[in-house]
Amino acid sequence: MLRRSLENRDAQTRQLQNAVTNVEKHFGELCQIFAAYVRKTARLRDKADLLVNEINVYASTETPNLKQGLKNFADEFAKLQDYRQAQVERLEAKVVEPLKAYGTIVKMKRAETELQRATMDATRTTRHLEETIDNFEKQKIKDIKTIFSEFITIEMLFHGKALEVYTAAYQNIQKIDEEEDLEEPHFKGSEATCGLFGQPRTVFRNSLYPPDYSSRLDIVRANSKSPLQRSLSAKCVSGTGQVSTCRLRKDQQTEDDDEEDEDLDVTEEEN
């Protein structure tokens, strides 16, 4: 009877030790991999922050419509990194730390098993070992359910928010009108809006010229006329002068004739 009790006790002890060793091994591996997962997520957040900064820098050099679209995209992408930071913190607290705590739990169970074997008789040790194994297995299953449920919940929360943010970011990019910056004058009502051949100068075209730029053709138009225009102008001036001279001569002749008529009338009266 005693021999059987000792055999049962030893078998239960080995069972508990194997269970503890198995948990120690696999929970340790899970803890390391989850910790690496969290570190990778944190590095992804850091790279995304760099991407946001570069998009903002580039946007500041672009035309107004494209600039606004890129900045809106960067704002949404930056918001996503705030959610990613929350994801990192929750994973650390709800997944990695509980797995890490199992190192302490395993050590305590081993110590408890050795103490029971040393201080109790075979019958009592067998009964306590059964209770210890049952409690350990129940707690292990409960902890696994909690840890993995927390992991899935955290991931779903992040990806749900990520879907909202990515949707908004996508819409901001799609709202960029590739024609608007090419069609909208940058300085409305200003002479600077006129480019070559008198066409309105757009935002993009304005970037090709200095603010006080005047095209060679505009200067030529302002300071010269075509040969035909010069010829017509000369003829008009010449013709106008001839008409004026003729009219002056005719008026002078009329006055002279009037004076001669007056002299004749005076002479006749004297006679």
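Start with the overall plan. The model is a predicted one. The protein chain holds seven helices and zero strands. Read from the N terminus, its elements run α-α-α-α-α-α-α. The chain has 271 residues, and 25% of them are buried. Its accessible surface comes to about 19,300 Å². Carbon and sulfur atoms account for 55% of that surface. Now look at how the chain meets itself. Take the contacts between residues at least 6 apart in sequence: 71% of them join residues at least 24 apart.

Helix α1 covers residues 2–59. Helix α2 covers residues 64–119. Helix α3 covers residues 122–174.

Next, the nonpolar interior. In soluble globular proteins, nonpolar side chains tend to be buried together. Here the largest nonpolar core has 23 residues. Val-95 and Leu-99 have the most contacts inside this core. Helices α1, α2 and α3 each supply at least two of its residues. The largest share, 10 residues, comes from α1. What does Leu-99 touch, leaving aside its neighbours within four places in sequence? Its partners are Phe-27, Leu-30, Cys-31, Phe-34 and Ile-147.

Now turn to the rings. The whole structure contains six aromatic pairs. One of them joins Phe-27 and Tyr-102, with ring centres 4.5 Å apart. Their planes meet at 50°, so this pair is tilted. Phe-27 sits in helix α1 and Tyr-102 in helix α2. The two residues are 75 residues apart, and their pair links distant parts of the chain. Both Phe-27 and Tyr-102 are buried.

A second example is the pair of Tyr-37 and Phe-151. The ring centres of Tyr-37 and Phe-151 are 5.7 Å apart. Their planes stand at 70°, so the pair is edge-to-face. Tyr-37 belongs to helix α1 and Phe-151 to helix α3, so the pair ties together parts that are 114 residues apart in sequence. How do the two residues compare in burial? Tyr-37 has 32% relative accessibility and therefore counts as partly exposed. Phe-151 has a relative accessible area of 15%, so Phe-151 is buried. Both residues also belong to a cluster: ring pairs link Phe-34, Tyr-37, Phe-148 and Phe-151.

Gln-81 is found in helix α2. Is Gln-81 buried or exposed? Its relative accessibility is 2%, so Gln-81 counts as buried. The side chain of Gln-81 makes a polar contact of 2.9 Å with the side chain of Arg-84. Beyond residues up to four places away in sequence, Gln-81 touches Leu-44, Arg-45, Ala-48 and Asp-49.

Asn-172 is another buried polar residue, in helix α3. Its relative accessible area is 13%, under the 20% cut-off, so Asn-172 counts as buried. Which residues does Asn-172 contact, leaving aside neighbours within four places in sequence? They are Gly-69, Asn-72, Phe-73 and Glu-76.

Leu-66 lies in helix α2. With a relative accessible area of 22%, Leu-66 is partly exposed. Leu-66 touches Tyr-58, Ile-176 and Asp-181, not counting residues up to four places away in sequence. The C-alpha atoms of Leu-66 and Glu-178 are separated by 7.9 Å, while the two residues are 112 residues apart along the chain.

Thr-21 has its place in helix α1. At 39% relative accessibility, Thr-21 counts as partly exposed. Thr-21 and Lys-107 are 86 residues apart in sequence. In space, their C-alpha atoms are 9.8 Å apart.

Definitions and conventions
Residues numbered from 1 in each chain as written. Predicted model: local features only at pLDDT ≥ 70, side-chain atom pairs only at ≥ 80, totals over all residues. Heavy atoms only, no water. Helix = DSSP H or I, 4+ residues; strand = E, 2+ residues; numbered from the N terminus. Buried < 20%, exposed > 50% of the residue type's maximum accessible area, 1.4 Å probe, protein only. Polar contact = N/O pair within 3.5 Å; in protein donor to acceptor, adjacent residues only side chain to side chain. Contact = heavy atoms within 4.5 Å. Areas by Shrake-Rupley, 256 points an atom, 1.4 Å probe, with all protein chains shown as cover. Phe/Tyr/Trp six-rings, centres within 6.5 Å; stacked < 30°, edge-to-face > 60°. Core = buried A, V, L, I, M, F, W, Y, C linked by side-chain atoms within 4.5 Å.
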